[in-house]
Amino acid sequence: MEFVNLDLINEKKINELKEEFAKNEPYKHLFIKGFLDEGKASEILRELKKEEFEHKESDLFSLNQTEDFKFTKNRILKELYSSLKGKEFFKWLEEISGIKLEGEIDVSGSLYKNCDYLLCHDDQLESRKIAFVYYLSEGFDEKDGGEFVMFDSEKGKPWRVAKKYPPLWNSLLIFEVSEKSFHEVGENVGQKDRYAIGGWFH
Amino acid sequence: MDFKRFTNEIYLDENTINQMRESYLQTGVIKLENFLKPEVYNELIKLIKDIRGEHVKIADRYSYEELGDLSGVGKLFSSKDFLEFVSKINGGEFSKVEYKILGFGHKDYTLLHDAEIDRKGTEFLFFFCEKWKDDFGGYLVYTDNEDKSLIFTPAGNNFVLINKDGLGGFVKYINNLAKDERIILVWGKLE
């Protein structure tokens with residue numbers, strides 16, 4: 001856990017995060033600013049930019065993605081992968097979310113350039129329990145797009161936009177994967193590259 | 001609207017129809033450029049390009065404008081003469097047509113659901129648009145979600161007939177490069 005901002009792992013803070021995760025709408029989630037030490041965040045971004053990104057297109061998305069960090073040869077990203085997969089981090093996540101996890105994780109890097117987007121879906125697949133996105137985008141503001149959009153749902157269908165989070169530098173978004181977890185990533189309409197690391201805890 | 005009077009004469013010629021049928025039966029798809037007489041198409045697009053409908057969105061399914069019958073354009077593609085024309089290309093009779101006339105601009109799309117791939121049938125497309133470019137998105141993709149994809153880029157006055165067995169169609173998300181440009185799409189099903 002040495003990679004996480006120390007302010008996030010004391011008992012009082014854990015209790016606050018736990019309460020916030022449970023009560024946040026439209027589905028259980030947390031948006032944590034300043035997730036890692038600043039120096040560490042910059043180092044990770046620097047290394048992520050060295051990875052190979054593959055452009056992917058479908059009806060649902062246009063984006064660029066690395067392969068799973070399980071296969072990365074980059075020392076810094078390997079370390080991040082091991083830390084996220086470590087027992088301590090899983091324990092911290094289980095405490096905050098109240099969700100029992102099996103110890104598996106999928107992690108990859110993403111890059112949304114101008115015109116890239118991810119349309120509305122719920123992330124439900126196999127054993128995914130908690131989804132996460134760690135933002136490494138620099139200087140994004142509202143006019144650039146690339147925001148994370150959460151939808152209210154009714155009768156299993158996304159109904160209207162409930163909440164938006166900008167891709168804020170060094171922040172972590174986690175949410176419970178369920179039949180309600182409809183979300184999308186708004187199109188990057190600016191010229192800045194939107195880097196993030198994301199995946200699922202099983 | 002009179003289908004025979006408005007349609008490019010080349011496509012009504014019996015020899016051309018025989019050739020189109022042969023090609024369609026082999027490939028399951030046919031694309032006809034300058035489908036309507038140019039003067040008819042130019043007059044129509046002037047008439048309809050600023051018509052706005054109700055914008056509808058179900059985020060995990062579609063986002064577009066519903067344009068109803070669009071000043072009688074729908075009648076052209078539901079007329080007896082149109083059904084007779086597509087039946088000749090298909091080599092078997094269609095008795096029923098259903099269509100939607102939809103407007104697509106920046107941020108609009110449709111998403112593909114697996115059930116759509118399983119549904120058999122014949123569909124047609126007709127585009128109204130002006131300065132459209134491939135990198136705006138907005139193109140029609142028919143795919144089996146594995147290795148087969150047919151892509152139709154919007155081009156004004158283009159008509160497409162497609163046997164969609166094993167394929168599902170979607171309209172690719174339109175990105176900010178499109179600015180204020182729009183596509184008007186007549187998207188129909190034939191039975």
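Predicted model: local features only at pLDDT ≥ 70, side-chain atom pairs only at ≥ 80, totals over all residues.

Author: In chain A, helix H1 (residues 11-23) and helix H4 (residues 87-97) have axes that come within 7 Å and cross at roughly 55°. Axes here are lines fitted to C-alpha atoms, for helices over the stretch in contact, and angles run from 0 to 180 degrees between N-to-C directions.

Residues are numbered from 1 along each chain as its sequence is written, and chains are lettered from A and ligands numbered from 1 in the order in which they are written. Helices (H or I, at least four residues) and strands (E, at least two) are DSSP runs, numbered from the N terminus.

On the side of H1(A), Ile14(A), Leu17(A), Lys18(A) and Phe21(A) meet Glu95(A), Ile96(A) and Ser97(A) of H4(A), two residues being in contact if their C-beta atoms, placed from the backbone, lie within 7 Å. By class, this contact holds 4 nonpolar, 1 polar and 2 charged residues; Ala, Val, Leu, Ile, Met, Phe, Trp, Tyr, Cys and Pro count as nonpolar, Asp, Glu, Lys and Arg as charged, and the others, Gly among them, as polar.

Turning to the strands of chain B, three of them form an open antiparallel sheet in the order S8-S7-S10, and two strands pair if DSSP finds at least two bridges between them. Strand S8 (149-152) and strand S10 (168-171) of chain B stand at the edges with a single partner strand each, so one side of each is left without a neighbour in the sheet. Strand S7 (residues 140-143) of chain B runs antiparallel to S8(B), joined by 4 bridges, and Thr143(B) stands opposite Ser149(B) of S8(B).

Strand S6 (residues 122-128) of chain B has 6 of its 7 residues buried, so it is largely enclosed by the rest of the structure; buried means 20 or more other C-beta atoms within 10 Å of a residue's own, exposed 12 or fewer, and partly exposed in between, with C-beta atoms placed from the backbone. S6(B) pairs antiparallel with strand S9 (residues 159-163) of chain B over 5 bridges, where Phe124(B) has Leu161(B) as its bridge partner.
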